[in-house]
Amino acid sequence: MPVAYALQQLINGVTLGMIYGLIAVGYTMVYGIIGMINFAHGDVFMIGAFLSLIGLTLLAGFGITYVPLAIALALIAACGIAALYGWTVERIAYRPLRGSFRLAPLISAIGMSIVLQNFVQVSQGARDLNLQPLIPGGMSLMEQDGFVVQLSWMQVVISVVTLALLALFTWLVTRTPLGRAMRACEQDLKMASLLGIDTDRTISLTFVIGAVLATVAGMLFLLYYGSINFFIGFSAGVKAFTAAVLGGIGSLPGAVLGGLAIGLIESFWSGYASVPYKNVAAFSVLVIVLIFMPSGLLGRADIEKV
Amino acid sequence: MSARCFAPVAMLRDAGLSALVALGLFVALIGLRLVPTDNGLELQYRGWLLLAVVVAVFVGRLLLLVWRAGRPVGTPTPRRLAEGITRAGRWVAPLFLLLALTLPLYSGRYVIDVGILVMTYVMLGWGLNIVVGLAGLLDLGYVAFYAVGAYSYALFSTTFHLGFWETLPLAGLLAACWGVILGFPVLRLRGDYLAIVTLAFGEIIRVVLINWTSFTGGPNGVSDIPRPTLFGLKFNASGDPDTFSAFFGIDYSITQRFVFLYYVILGLALLTNWVSLRLRRLPLGRAWEALREDEIACRALGINVTVTKLTAFAIGATFGGFAGAFFATRQGFVSPESFTFIESALVLAIVVLGGLGSQLGVALAALVMIGGSELFRDFAEYRMLVFGVALVVMMILRPRGLVSGRVPSVALRSRKEISAELVAQGRG
């Protein structure tokens with residue numbers, strides 16, 4: 001029983017952590033390049049989930065019932081539109097404030113987050129929307145004293161999709177001209193623009209990529225939990241940002257590591273202590289880690305030269 | 001002062017592109033609506049609404065471009081306006097004070113009620129201004145102290161039957177303790193690490209309030225919180241000798257209680273203002289401002305950074321706690337719902353929009369934001385949407401806040417006003 005139970009929590013935690021990791025990458029990327037908390041990112045995730053649900057419902061209405069095809073088509077459409085949201089948010093709310101002092105973009109981002117949340121509430125209603133499970137079933141890994149460890153196909157899909165996407169993303173950042181431009185902007189925005197990198201375009205594309213990753217996370221969230229509302233972006237966003245900070249903000253592997261850590265803490269805390277206090281546990285671990293490692297697990301120490 | 005060139009074709013193209021982007025953004029979320037029915041979800045098509053929104057974006061963008069082209073290049077209007085406000089600051093502040101003091105004389109119950117709400121946020125803004133504006137420490141969890149104050153009064157009064165005036169100092173003290181508890185772990189953190197930890201702290205307090213049902217009443221909160229009294233005189237219609245109306249031999253009216261509450265919060269807010277203005281002249285306040293300007297230089301000069309940061313958190317939290325106790329007594333009821341992140345964001349927005357460190361600016365911003373959103377009370381559904389748009393627009397127009405000038409707290413000979421651009425925002 002103890003081993004089996006722990007294994008089950010491990011599986012659940014890793015699945016949850018993958019979703020947090022995908023969102024956290026968007027936070028950490030934007031932070032690395034322009035040094036601001038993109039508070040609206042969690043709401044882009046929420047919009048991604050809504051777009052996925054609308055897409056799936058629309059396709060079902062057209063009679064496309066082959067699940068992999070429907071999911072793929074809905075995901076592509078949702079990613080396209082959500083990318084437009086990411087781009088527009090940056091263009092409207094952040095670009096005019098670039099180079100302004102630190103708190104102005106933060107307030108603007110909080111404003112944008114309120115706008116997106118309430119826009120969806122007004123246009124799609126405040127009720128929970130449910131989707132019947134599209135990828136049911138799973139397999140039992142082991143049995144111990146009557147406790148069966150379940151690994152659902154959905155959890156397999158989440159892990160495979162996330163790992164594939166992160167591999168693609170790592171390739172993009174390390175091997176392509178766009179990735180080189182992004183890394184250059186991260187090191188020194190002004191120098192990069194002096195050397196002929198179109199920084200505006202690079203920043204816009206960073207937001208677009210972040211929005212696409214968040215949409216995939218939104219689709220996985222929708223398929224896994226089967227229920228969404230306009231407010232899911234806040235708590236997922238805060239926890240993903242916590243994950244990014246825990247891993248060391250600005251570090252891409254750190255974001256995934258932090259996401260996994262937060263997912264595991266939540267799942268083990270829910271399994272062994274109490275479900276209502278799982279957020280308290282996650283945030284407490286964040287505070288404790290930051291006391292001893294002020295720049296996160298994998299972050300670079302912030303050295304100030306005088 | 002020459003007008004910008006006027007190019008209709010480019011403008012039409014720009015507006016057309018904006019309309020196209022709007023079409024992309026809204027095609028799914030406005031054009032379609034998910035409707036839950038008995039047998040799964042159904043889609044409702046709203047083509048005309050989508051068309052209307054896209055046309056509105058096109059026309060709006062075109063008007064914006066035409067307006068911009070017709071406007072002379074140079075000082076934009078809002079800046080001139082704000083410079084006017086700053087220059088007029090000498091008499092604007094006393095005028096506002098006079099208006100605030102005499103408000104109950106010429107307004108009805110509704111306006112007084114809105115006044116109470118605005119004053120609560122003015123007080124919260126001034127309290128947070130100590131942490132963010134003076135000490136330069138970014139606090140995204142200020143609502144936690146507000147909650148501590150509110151629950152302190154709620155629980156002390158319902159459990160030990162203590163009155164408002166006895167509990168007020170206790171609420172402040174408890175909030176200050178929590179300020180120090182938050183302050184300790186974040187001493188080494190800077191910038192956005194500090195922001196996320198303070199945000200997490202606010203969430204922890206809220207989650208505990210929701211789940212510790214035996215102590216806080218859980219999601220149902222605490223109700224039947226007693227109202228404040230004026231030297232033991234109550235405000236109710238019972239006609240007992242210890243009520244305000246019976247003591248002074250006048251007819252009871254519910255407005256009396258509102259007027260009393262209004263003067264209580266006005267007094268508390270003015271206390272906050274007075275304390276922070278005096279503190280700025282003390283060595284402690286100067287240390288806060290020095291910390292905001294340059295932490296390393298502070299350490300080099302021998303300022304105790306630990307004590308400086310902790311006192312900033314504690315004193316800011318104290319006023320948050322006072323405001324919370326007042327909130328509890330005004331509502332007569334507290335529940336965790338009142339202490340969400342959006343409240344912290346609202347208070348921070350008031351401080352930033354007013355202009356960090358500017359007392360007058362914070363008061364103006366609270367008036368604009370809270371009073372303004374009160375105008376939209378009838379459109380409850382769209383209220384927060386408009387509020388969010390207003391936040392973004394105001395930040396873009398005036399990133400440094402409404403009041404763009406600062407008077408240094410200490411100066412050698414004459415205190416000359418400087419631009420807010422020259423004041424550091426702190427890295428903490």
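Helices (H or I, at least four residues) and strands (E, at least two) are taken here as DSSP runs, numbered from the N terminus. The model is predicted.

Q: How many helices and strands does chain A have?
A: By the DSSP runs defined above, helices need at least four residues and strands at least two. Counted in this way, chain A has four strands, together with 11 helices.

Q: Which radius of gyration does chain A have, and why does it agree with a compact globule?
A: The C-alpha trace of chain A spans about 65 × 50 × 35 Å along its principal axes. A compact globule with 306 residues would have a radius of gyration near 19 Å, and chain A agrees with this because its own value is 20 Å.

Q: What share of the residues in chain A is buried?
A: A residue counts as buried if 20 or more other C-beta atoms lie within 10 Å of its own. Of the 306 residues in chain A, the buried ones make up 49%.

Q: How far apart do the C-alpha centres of the two domains of chain B lie?
A: Chain B is divided into domain 1, covering 8–74, and domain 2, covering 88–422. The distance between the C-alpha centres of these domains of chain B is 39 Å.

Q: Which element gives the largest share of the side of chain B that touches chain A?
A: In the contact between the chains, 46 residues of chain B meet 53 residues of chain A. Elements of chain B that give two or more residues to this side include α1 (8–29), α8 (191–211) and α17 (380–397). The largest share, 12 residues, comes from α8(B).

Key:
Residues are numbered from 1 along each chain as its sequence is written. Chains are lettered from A and ligands numbered from 1 in the order in which they are written. This is a predicted model: local features need pLDDT of at least 70, side-chain atom pairs count only at pLDDT 80 or more; totals for chains, interfaces and linings use all residues. Domain bounds come from an automatic or database domain assignment. The radius of gyration is taken over C-alpha atoms; the globule rule is 2.2 Å times the number of residues to the power 0.38. A residue is buried if 20 or more other C-beta atoms lie within 10 Å of its own, exposed if 12 or fewer, and partly exposed in between; C-beta atoms are placed from the backbone. Two residues are in contact if their C-beta atoms, placed from the backbone, lie within 7 Å.
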